[in-house]
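Trainee: Could we take a close look at one part together? I would like to learn how to describe what I see.

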Amino acid sequence: MPTPYAYFRKQFVPLAEAKIGVMTHAFNYGTAVFEGVRGNWNPEERQLYLFRMREHFERFTRSCRILKIELPYTVDEYCEITSKLVEMCGYQEDIYVRPLGYKSSEAVGVRLHDLEDDFLLFVTPFGPYLDVEAGIRCGTSSWRRIDDNVIPARAKVTGLYVNSALAKTEANENGYDEAIMLTHDGHVSEGSGENIFIIMGNQLITPPVSDNILVGITRESVMLMAREELGMETVERTIDRSELYIADECFMTGTAAHVSPVLEVDHRKVGDGGIGPRTARLQKLYFDAIRGKMPKYLRWCTPVYKLVRT
Ligand SMILES: Cc1ncc(COP(=O)(O)O)c(C=O)c1O
């Protein structure tokens with residue numbers, strides 16, 4: 001039986017013992033940064049592959065810099081702790097790893113300075129987040145994407161996710177699977193937890209990093225595979241809302257969402273309303289890559305188990 005463990009206060013402990021006090025600064029003010037790393041189970045090899053763990057921790061350290069969170073770990077040390085924790089848990093299914101750097105002082109007062117920082121990590125089983133097989137229906141959100149000068153979207157700040165939560169719930173309550181958020185000047189930014197791409201003719205297009213997106217690791221992986229495997233360069237440029245209505249294909253990318261085809265936006269079919277051919281190819285390539293099935297992209301996959309599991 002898998003056993004859930006956490007890394008908490010510099011120790012590996014049963015998940016149930018990893019508890020913070022009610023006065024913890026991060027809990028009160030959202031002063032924490034986090035990551036989401038997927039572990040993808042390969043049933044033939046009986047192996048769990050952590051996908052682009054190093055890149056996630058590199059982004060984590062950048063988020064820490066923005067929030068003035070100082071932690072005594074190198075990227076290599078984060079990776080070692082993560083591999084060890086996931087191995088201890090022993091899952092034989094898809095999982096999600098959640099590192100968190102947070103203002104750990106039990107203190108009242110809004111600020112980032114003069115506070116203690118800490119790091120924790122936990123692991124949880126995690127299946128599909130959106131319907132990647134069938135595709136999804138999206139709605140433009142009435143909630144605007146938070147601006148870099150409000151809370152920097154390139155940092156995965158916990159408090160920032162209230163913006164995503166407002167948009168996601170509004171979308172679901174309106175009958176959509178996911179929200180598409182616009183920037184303050186009305187251009188397409190991203191989903192509540194995904195980056196967005198459109199295909200028009202032979203062009204793959206995605207909003208630039210300056211349109212208040214999280215600079216996604218899946219986004220970068222897909223851009224690279226589109227170039228290497230499909231010969232398609234990605235154009236990073238501002239996208240109008242109405243371009244979503246006339247695109248040939250559209251999809252969203254994210255650690256949780258993988259490559260999710262978008263079939264409809266604001267009750268308008270994308271293309272013919274089915275999964276587009278290039279989206280389908282990119283999705284297949286991505287699924288093979290994350291489960292360690294493409295030798296060319298094995299460098300992105302960290303195997304967790306040293307021995308073949310029975
Ligand atoms: C707001 C937001 N945008 C985009 C993404 C996709 O980023 P990644 O592909 O690194 O998971 C995420 C997920 O982490 C997210 O929360």
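Trainee: How are H2 and H3 oriented to each other, and why?

Mentor: Happy to walk you through that pair, and do keep in mind that this is a predicted model. Two packed helices are described by the angle between their axes and the distance between those axes. Start by finding helix H2, residues 53-66, and helix H3, residues 75-89. They pack at an angle of about 125 degrees, and their axes lie 9 Å apart. Angles of 65 to 115 degrees count as roughly perpendicular and those over 145 as roughly antiparallel, and the angle here is about 125 degrees. H2 and H3 are therefore oblique to each other. There is also a handedness to note: the crossing of H2 past H3 is right-handed.

Now let's see who makes the contact. From H2 come Met53, Arg54, Phe57, Glu58 and Thr61, while H3 brings Val75, Tyr78, Cys79 and Thr82. Sorted by class, this contact of H2 with H3 holds 5 nonpolar residues, along with 2 polar and 2 charged ones.

For some surroundings, turn to the strands. Strand S7 (residues 117-125) pairs in the antiparallel sense with strand S1 (residues 5-8), over 3 bridges. In that pairing, phenylalanine 8 stands opposite leucine 120 of S7. S7 is also joined to strand S6 (residues 95-103) by 9 bridges, and these two strands run antiparallel as well. Here lysine 103 has aspartate 117 in S7 as its bridge partner.

How values were computed:
Residues are numbered from 1 along each chain as its sequence is written. This is a predicted model: local features need pLDDT of at least 70, side-chain atom pairs count only at pLDDT 80 or more; totals for chains, interfaces and linings use all residues. Two strands pair if DSSP finds at least two bridges between them. Helices (H or I, at least four residues) and strands (E, at least two) are DSSP runs, numbered from the N terminus. Axes are lines fitted to C-alpha atoms, for helices over the stretch in contact, and angles run from 0 to 180 degrees between N-to-C directions. Angles under 35 degrees count as roughly parallel, over 145 as roughly antiparallel, 65 to 115 as roughly perpendicular and the rest as oblique. A crossing is left-handed if the near helix is turned anticlockwise from the far one by less than a right angle, and right-handed if clockwise. Two residues are in contact if their C-beta atoms, placed from the backbone, lie within 7 Å. Ala, Val, Leu, Ile, Met, Phe, Trp, Tyr, Cys and Pro count as nonpolar, Asp, Glu, Lys and Arg as charged, and the others, Gly among them, as polar.
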